[in-house]
Amino acid sequence: MFRRTVRLVAALTLAAAATLVATVTSAAPAHADGCYTWNRQLSEGMSGEDVRQLQIRVAGYPGYNAVLTIDGAFGPGTRAAVTRFQQAYGLGADGIAGTQTFNRIYALQDDDCTPVNFAYSELNDCNSDWSGGAVSAATARANALVNMWKLQAMRHALGDQQIRVTSAFRSHACNNAVGGSASSRHLYGDAVDLGAGPHSLCTLAQQARNHGWREILGPGYPGHSDHTHVAHKSSRTWSASSCGVS
């Protein structure tokens with residue numbers, strides 16, 4: 001009787017442990033559910049919305065003087081960006097996005113898909129709905145999200161120290177109020193002005209060359225002695241002569 005009781009207790013203990021493991025295992029992805037969860041491994045040649053979502057997260061890893069196209073098609077540029085992301089976080093760098101890569105992304109994002117160190121409110125002190133710019137409110141907000149992931153990549157490259165945003169999205173009214181250019185990328189939601197903080201303006205301008213911005217303006221460029229400006233545009237304009245960026 002004693003042996004049967006011991007065996008019964010042991011069996012119940014093992015069953016409880018198995019249930020706990022199963023519960024933990026099934027709950028593991030839940031922290032990503034508030035944003036986006038990947039359900040398959042992604043590699044070169046694949047396409048879809050899950051690829052596009054991955055591209056947004058690795059947009060800050062295109063390499064020097066390069067920009068990752070966010071089109072939902074996993075090509076050589078995406079593979080290179082995934083590889084650099086993996087290297088940056090000490091993962092196996094094979095350019096294939098699997099469990100380890102996705103888990104790292106989950107740890108870096110909040111439930112609204114913004115990276116943990118940046119927020120929509122930080123990139124829009126103009127209005128609450130992203131309206132009134134040169135593009136639709138939805139497009140301006142989407143452009144800002146990509147910029148936040150680029151900033152997150154740059155922040156990590158600079159030792160995970162704060163990057164201070166001083167201006168980003170502007171409606172036409174907000175842009176006019178500060179004397180902004182009529183063609184300012186701020187109107188599109190894809191421009192960010194950065195102030196000095198843990199890093200100098202020149203450090204920010206120099207580092208930005210690696211993170212997917214075609215427009216970098218800083219000290220030495222007229223009107224940019226007090227901030228570094230980064231933006232996305234169709235052609236490259238790098239001008240921060242005091243920092244050796246051209």
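**View 1. Accessible surface and overall make-up of the chain.** The accessible surface of this predicted model comes to about 11700 Å² (Shrake-Rupley method, 1.4 Å probe; for residues, only the protein chains shown count as cover), and carbon and sulfur atoms account for 53% of that area. Of the 246 residues in the chain, 44% are buried (under 20% relative accessible area with a 1.4 Å probe and protein chains only; exposed is over 50%, partly exposed in between). The chain has 8 helices and 5 strands, taken as DSSP runs numbered from the N terminus (helices H or I, at least four residues; strands E, at least two). Along the sequence they follow the pattern α-α-α-α-α-α-β-α-β-α-β-β-β. Contacts are heavy atoms within 4.5 Å; among those between residues at least 6 apart in sequence, 56% join residues at least 24 apart.

Residues are numbered from 1 along each chain as its sequence is written. Local features need pLDDT of at least 70 and side-chain atom pairs count only at pLDDT 80 or more, while totals for chains, interfaces and linings use all residues; side-chain values use heavy atoms, with hydrogens and water left out.

View 2. The 5 strands form an open sheet with mixed pairing, in the order S1-S2-S4-S3-S5; two strands pair if DSSP finds at least two bridges between them. S1 and S5 (237-239) are at the edges with a single partner strand each, so one side of each has no neighbour in the sheet. From one strand to the next the twist averages 25 degrees. Helix H6 (residues 137-157) packs on the sheet and touches S1 and S2, its direction making about 35 degrees with that of S2. Axes are lines fitted to C-alpha atoms, for helices over the stretch in contact, and angles run from 0 to 180 degrees between N-to-C directions.

**View 3. Strand S2 and its cover.** Strand S2 (residues 191-195) is largely enclosed by the rest of the structure, because 5 of its 5 residues are buried. In a regular strand, side chains alternate between the two faces of the sheet. Ala191, Asp193 and Gly195 lie on one side of S2 and Val192 and Leu194 on the other, and all are buried.

**View 4. Leu194 between two strands.** S2 runs antiparallel to S1 (residues 164-167), with 3 bridges joining them; here Val165 stands opposite Leu194. S2 and S4 (residues 228-231) also run antiparallel, joined by 4 bridges. Thr228 is the bridge partner of Leu194 in S4.
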